[in-house]
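This report goes through a helix, a group of aromatic rings and a pocket. Please look at the sequence and the structure below before reading on.

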Amino acid sequence: MDSSADRTAVFHRERPHLLAVAFRVLGSDADAQDVVQEAWIRYARADLGDVRNVPAWLTTVVTRLCLDVLRRAREDPQEPADLPLGPAEGAEGPEEVALLAGELTEAFTVVLGELTPPQRVALVLHDVFGVPFAEVAHVLGTTTDAAKKLASRARGRVRRPADAPGPDTDEARRVAEAFLRAAQEGDVESLLLLLDPDVTRTADPQALPPGAAQRVTGAPAVIRETRALRDRARRARTATIDGRPGIAVRSEEGLWAALVLRVEAGRVVHYDVVADPRRLALLHVEP
């Protein structure tokens, strides 16, 4: 196999992960596709002689392209106040970061839009994909302490206020069980009762057919997709995901995907299908 074919094979293997990163940072399927396509063009032309870790190089390119998109949208290309050089504030341990994962998934479509581009990148790369802060700092062109501080500030915005009601675990478990049962049986009437009319589904590309949208909105669209993926649903079981009720889908090789549900007033208002191996590795999934 020649070097061109090798390069194409590597990009093809990494493309779903790159799309997942771009979508989580940008929140847009179209923008994520554009960024990954531009990354391919740069990758095809680049001299990689000194690059030791091509997947990490690709992730860096995609993330910096995402930063460019976000900064153009904000019409503030410098963002000087958000690249501090001082020590990190409020450093969180692994347990606290894990507890944030559910809140971040629930807040994804709303709260991330309120973060500055550097905060958004630091939070998504580290807390969603487990990228070490030293690598996050390299992507942002800042120090490791500064990257930690950006993520800490972002977590402060994402967290639910202390006086806000938390999720009802018993209700969420009941809804998760009913949702899975209806999906397995193809019960459209029950799905309509269980899904909020404006429900959203986000997903990593690894869980989707080629070309499928990473975000789907509205109960009818979600139900159509659920019926199309009925075979997958038959291999699913309810589970506890990072301490919260959810659904785990397994294959012969092990955990294939995890559905993180957000339930309000007895209905699913959002669920995220985690299938990127680097994201799955960060989840604690119990039967």
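How many residues does helix α3 have, and how far does helix α3 reach from its first C-alpha to its last? The model is predicted, and in it helix α3 covers residues 54-74, which is 21 residues. Its reach is 30 Å, close to the 30 Å expected at 1.5 Å a residue. At the start of α3, the backbone nitrogen of A56 has a side-chain oxygen of N53 within 3.0 Å.

**Aromatic rings**

The whole structure holds five aromatic pairs. Two of the pairs are set out here.

| Pair | Distance between centres | Angle between planes | Class |
|---|---|---|---|
| F11 and W40 | 5.0 Å | 55° | tilted |
| W40 and Y43 | 5.9 Å | 55° | tilted |

F11 belongs to helix α1 and W40 to helix α2, so their pair ties together parts 29 residues apart in sequence. W40 and Y43 are both in helix α2; they are three residues apart, so about one helical turn separates them. F11 counts as buried because its relative accessibility is 6%, and Y43 is also buried, at 2%. W40 has 26% relative accessibility and therefore counts as partly exposed. Together with W57, the residues F11, W40 and Y43 form one aromatic cluster.

The most comes from α1, with four residues. By class, the lining of the second largest pocket has eight nonpolar, five polar and two charged residues.

Notes: Residues are numbered from 1 along each chain as its sequence is written. This is a predicted model: local features need pLDDT of at least 70, side-chain atom pairs count only at pLDDT 80 or more; totals for chains, interfaces and linings use all residues. Side-chain values use heavy atoms; hydrogens and water are left out. Helices (H or I, at least four residues) and strands (E, at least two) are DSSP runs, numbered from the N terminus. Ala, Val, Leu, Ile, Met, Phe, Trp, Tyr, Cys and Pro count as nonpolar, Asp, Glu, Lys and Arg as charged, and the others, Gly among them, as polar. The expected span of a helix is 1.5 Å times one less than its number of residues. A polar contact is a pair of N or O atoms within 3.5 Å; within protein, one must be able to donate a hydrogen and the other to accept it, and residues adjacent in sequence count only if both atoms are side-chain atoms. Rings of Phe, Tyr and Trp (its six-membered ring) pair if their centres lie within 6.5 Å; planes under 30 degrees apart count as stacked, over 60 as edge-to-face and the rest as tilted. Buried means under 20% relative accessible area, exposed over 50%, partly exposed in between (1.4 Å probe, protein chains only).
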